[in-house]
Amino acid sequence: MEASNKKKVYKAHILFTKDQSRFEVLENGYVAVEDGCVVGIASDLSTLIGQGSMVNGQWSNGTCCDAEVVDFGDRLLLPAMNDLHVHAPQYRNQGIAMDLELLPWLQNYTFPEESKYADTAYAERMYRRFVRDLWRFGTMRSCVFATSHTESTRLLMRLFREAGMGALVGKVAMNRNCPESLSETVEEMVQVYENLISWCSHEGNLTPHSSLLPPRVRPIITPRFIPSCTPEMLRACGRLAAKYGLPVQSHLSENRDEIALVQALEKDSTCYGDAYDRYGLFGQTPTVMAHCVWTEGEELELMKKNGVMVAHCPTSNFNVASGMAPVRRFLDEGLRVGLGSDISGGHDLSIFRMMVYAIQVSKMLYQQDHGQPFLTLSEAFWLATKSAGSFFGRVGSFEPGYEFDALVIDDSDLNHDHYSLLERLERYIYLGDDRQILHRFCRGKEITEPKY
Ligand SMILES: [Zn+2]
């Protein structure tokens with residue numbers, strides 16, 4: 001059973017964002033959870049019980065039934081974090097090799113490290129640490145690139161399942177401009193994906209938990225990016241996504257050299273996004289594209305039209321010297337955007353810290369163009385929670401019907417004077433780390449530290 005069925009009411013200072021413009025703040029508020037989902041939220045218990053008639057009779061006769069009330073006292077209760085773009089096999093490279101741009105960085109650091117994942121013992125050692133560290137930083141859902149290896153990708157999915165955390169895990173497809181050890185034929189790629197999908201079905205990974213909730217750990221079709229895939233490979237990826245109704249993730253318009261390379265490889269395409277679109281990899285099924293630093297014009301319009309989501313990775317933008325993604329413009333245009341750590345182009349796994357970096361990137365852009373206001377704290381928080389969470393289902397908010405993915409923050413060491421609740425949240429985002437995260441929940445179930 002994936003979710004806890006028992007009714008629970010949690011009491012704490014509750015902060016979340018229904019929309020990007022402002023925080024919802026419930027001082028000493030209550031949130032009711034059943035079968036993994038929020039069924040009610042209110043500032044006081046009597047109001048929560050009064051919501052009974054609206055929550056399918058779960059609060060019969062206006063009483064609180066047999067729900068257990070858990071009082072977190074003076075702690076903060078926040079939606080858990082979502083990482084929309086992270087490379088699990090680059091975990092060892094986190095914080096090194098920060099002296100190269102994208103293409104030489106791939107050749108000299110990334111591909112040699114990913115080649116090691118043919119060895120499942122090595123993969124298990126590294127992936128266990130990686131999953132544990134996602135847990136540490138309160139990231140309960142992530143969109144993950146694995147490698148092209150079948151067994152180590154299967155292992156990573158198993159580790160997420162055992163931990164109780166949600167993940168879309170991608171076996172990476174690639175067959176050009178990469179080392180022989182990471183390359184495969186189109187037929188091999190299709191066969192491996194079908195084996196993986198069949199294994200997932202067998203393991204229950206493709207069986208919905210209920211009519212409302214999608215499986216917590218699922219495969220995601222993952223062509224590395226266009227320079228790594230021949231047209232036949234991209235076409236096969238698009239067919240697999242359509243055939244099995246699976247989401248798609250890749251990289252888009254990160255770096256000017258990369259964009260020029262894509263134009264040279266896909267001569268008929270009108271832009272980088274159009275090249276994916278021609279292969280059925282640009283919103284035909286739910287799609288998230290990392291970076292989009294240089295996305296504009298036709299590509300931006302196509303993303304809007306197809307509902308393609310942006311994974312904004314601000315630390316990676318700086319480290320790999322790619323540029324600064326114009327998130328304010330994306331939001332004003334109505335694009336869907338979330339945040340990603342992009343380990344190891346990015347160096348920091350904390351999505352809280354990613355909010356800070358996203359605000360700082362937007363302030364750098366504001367220096368160049370005062371017509372583009374920088375991101376506010378509520379906007380950055382919303383990007384990391386409700387907006388990014390939408391890629392996983394109804395995730396990232398405490399509105400009724402949302403899955404209860406939550407963090408309990410004990411900020412007593414940071415709250416040494418008379419700070420307001422919003423100031424406490426801001427201080428935690430800017431100054432806090434994993435030490436203040438007291439409890440983590442995914443789909444209503446408390447997730448304890450993976451014991452490795
Ligand atoms: Zn990436």
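The legends below describe close-up views of a predicted model. Local features require pLDDT of at least 70 and side-chain atom pairs count only at pLDDT 80 or more, whereas totals for chains, interfaces and linings use all residues. Residues are numbered from 1 along each chain as its sequence is written, and side-chain values use heavy atoms, with hydrogens and water left out.

**View 1. Crossing of helix 12 and helix 13**. The axes of helix 12 (residues 351-368) and helix 13 (residues 377-389) come within 9 Å and cross at roughly 135°. Helix 12 is therefore oblique to helix 13 (angles under 35 degrees count as roughly parallel, over 145 as roughly antiparallel, 65 to 115 as roughly perpendicular and the rest as oblique). The crossing is right-handed.

**View 2. Contact between helix 12 and helix 13**. Ile351, Met355 and Ile359 of helix 12 meet Leu377, Ala380, Phe381 and Ala384 of helix 13 (contact means heavy atoms within 4.5 Å). The contact comprises seven nonpolar, no polar and no charged residues.

**View 3. The largest cavity**. Its volume is about 120 Å³ (a cavity is a set of points on a 1 Å grid where a 1.4 Å probe fits but cannot get out, and lining residues have an atom within 4 Å of a point). Of the 15 lining residues, Leu102, Trp105, Leu106, His251 and Glu254 lie nearest the centre. Helix 2 (residues 102-115) gives the most to this lining, with three residues.

**View 4. The second largest cavity**. This cavity holds about 30 Å³ of space. Ala325, Pro326, Val327, Arg328, Ser362, Leu365 and Gln372 line the second largest cavity. Helix 11 (327-333) and helix 12 each supply at least two of its lining residues.

Methods: Axes are lines fitted to C-alpha atoms, for helices over the stretch in contact, and angles run from 0 to 180 degrees between N-to-C directions. Helices (H or I, at least four residues) and strands (E, at least two) are DSSP runs, numbered from the N terminus. A crossing is left-handed if the near helix is turned anticlockwise from the far one by less than a right angle, and right-handed if clockwise. Ala, Val, Leu, Ile, Met, Phe, Trp, Tyr, Cys and Pro count as nonpolar, Asp, Glu, Lys and Arg as charged, and the others, Gly among them, as polar. On a 1 Å grid over the protein atoms alone, a cavity is a set of points where a 1.4 Å probe fits but cannot get out, and a pocket is an open set with protein on both sides within 12 Å along at least five of seven lines; lining residues have an atom within 4 Å of a point. Grid points are joined across faces, edges and corners, and a volume is the space filled by probe spheres set on the points.
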